[in-house]
Amino acid sequence: MPFEADITIVAQALDRFYNDSISARKPVIDQKRLDQVVRDLDLEYYAKKGGLEGKKLQLFLDKYLAYNTRLHHPAYLGHQCAAPHYAAALGTFVNAFTNNVSSIYEMGPASVCMEYFLINWMLEKVGWKKAPTTLAHRVKDQDFGGGVLVDGGSLANLTALVIARSALVPDVWEKGTPSNLSILLPSKGHYSLAKAAGVMGIGAEAIRFVDVDEMGAIRPDRLQRCYKRTLQEGKRPIALVANACSTAVGIYDPLDEIADFCQENALWMHVDGAHGASALLSNTYGRLLKGVEKADSLVWDAHKLLQTPSLCAALLLRDHKHLDQGLQISLDASYLFHQKQQPGFDFIHRTLETTKSGLGEKLFFVLGALGERGLGKYIDRQYGLALQAYDYINELVDFECPVRPQSNILCFKIKGDSKTQMDIRQRLTDEGRYYITTVLFNGERYLRLVFMSERTTLAHIKDLIGEIRKIRLSLLKDAKEQLL
Ligand SMILES: *Cc1c(COP(=O)(O)O)cnc(C)c1O
């Protein structure tokens, strides 16, 4: 097996890729047509003949990597995916080769331990009680937190809501979903929550939206009214979901006040912290999550702000019992579920998946390399840069920002222009100079920057603004010529 030689080839190719990215020698994005890429990479040939190793592997990788969008690039301001730390990629690689999974202990003792440890590490950051690691203390009815790593925030949100439903309707797994269930969401809730409502047979139409302020944050003073109205309709909300932070503009809901309301009304509080829960590691921004410890469940993606490759999302619960009992399986899987003597822990009953990747490796290797302070510093830098960029853009006479950022997400648009934001993004993407996204917020389309790369600086943002002005002028000129 040309194992070592091929690993060296891969490492060298990735090193070139990384250096070309951070030095901006190559465009941040370069989308070619699908058929061209398939042809250029000779996928058909290798699928038939094999032999992708050695020199061929090297040539192949260089081509392949050239088609990749470069998340480490300073002009990468696109979606909320991490620019991974190389150590996290190493962890992923190691686990991919051993293929130890974390569903059952005997199939991945090291993986399970890493995941168990990380869940406890995260529980502690939230302010929840860690699960005991000595089995003698793992008394089922004892009070402590629990969690599991799953493939993404969407799946974690779904799992959280399924568990909240089990808490409200204990016989739901036998009898099915009652027709009067509902979910309370802010209107800026992530679309995966509406998807979950569909999957769970609740139906997106049964969602009730709670009132939000002009930034899209939940208004705690209006919760009582929304809740009452929902009950009067005959609906039973399985949970109230709060954002930490919202995907569109990165605003945190006031968790502390929402939690008090939920506790008073015995309502399950789920915090969607897929993007912003990582601020718990920051001394400066951790306060944005004040009150999260009073919630019932929390989703926290590592593959967004913890420099971890996709996917690695934590579902955390204040009380492990809900998680251990909330996904009741009555079907036969006797090859998995049986009495056995084991020195560890099985995660299988905590997830919708059966075989479950070893996800702890993705996060642990970067945590182990940087330490929690290092990850906290990264958050501080990215959140701080968004604020600097806001201060700069918001002062310009020809631009406006809808909200002052609370995270590493910043939205803005050309003042008085509600038409060209999409065209501007298209041009930027075509040119490959900058990769940004857009978002609809309060009925207006905005340009949206997510600061993921550690290489992005304020100078890049100033340059981007210059580019946008140029594109706008050229768009105006094109429009004029069309009129003539
Ligand atoms: C990204 C995001 C999700 C979805 O997470 P995935 O890991 O992409 O599935 C859910 N909620 C919020 C608030 C997010 O930002």
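For sorting residues by class, Ala, Val, Leu, Ile, Met, Phe, Trp, Tyr, Cys and Pro are taken as nonpolar, Asp, Glu, Lys and Arg as charged, and the others, Gly among them, as polar. On that basis, the shell around the ligand in this predicted model comes out as 10 polar, three charged and two nonpolar residues. Gly153, Ser154, Asp272, His303 and Lys304 come nearest, out of the 15 residues around the ligand.

As for where the shell comes from, α7 (153–168) and α12 (302–305) are the elements that give two or more residues to it. Helix α7 gives the most, with three residues.

On its own the ligand has 380 Å² of accessible area, and the protein covers 87% of that.

His303 deserves a look of its own. It lies in helix α12, and its relative accessibility is 5%, so it counts as buried, the cut-off for that being under 20%. The His303 side chain makes a polar contact with the side chain of Asp301, at 3.2 Å. Setting aside neighbours within four places in sequence, His303 is in contact with residues including Gln80, Cys81, Ala82, Gly152 and Gly153, and also with the run Thr308, Pro309, Ser310, Leu311, Cys312 and Ala313.

Notes. Residues numbered from 1 in each chain as written. Predicted model: local features only at pLDDT ≥ 70, side-chain atom pairs only at ≥ 80, totals over all residues. Heavy atoms only, no water. Near = heavy atom within 4 Å. Areas by Shrake-Rupley, 256 points an atom, 1.4 Å probe, with all protein chains shown as cover. Helix = DSSP H or I, 4+ residues; strand = E, 2+ residues; numbered from the N terminus. Buried < 20%, exposed > 50% of the residue type's maximum accessible area, 1.4 Å probe, protein only. Polar contact = N/O pair within 3.5 Å; in protein donor to acceptor, adjacent residues only side chain to side chain. Contact = heavy atoms within 4.5 Å.
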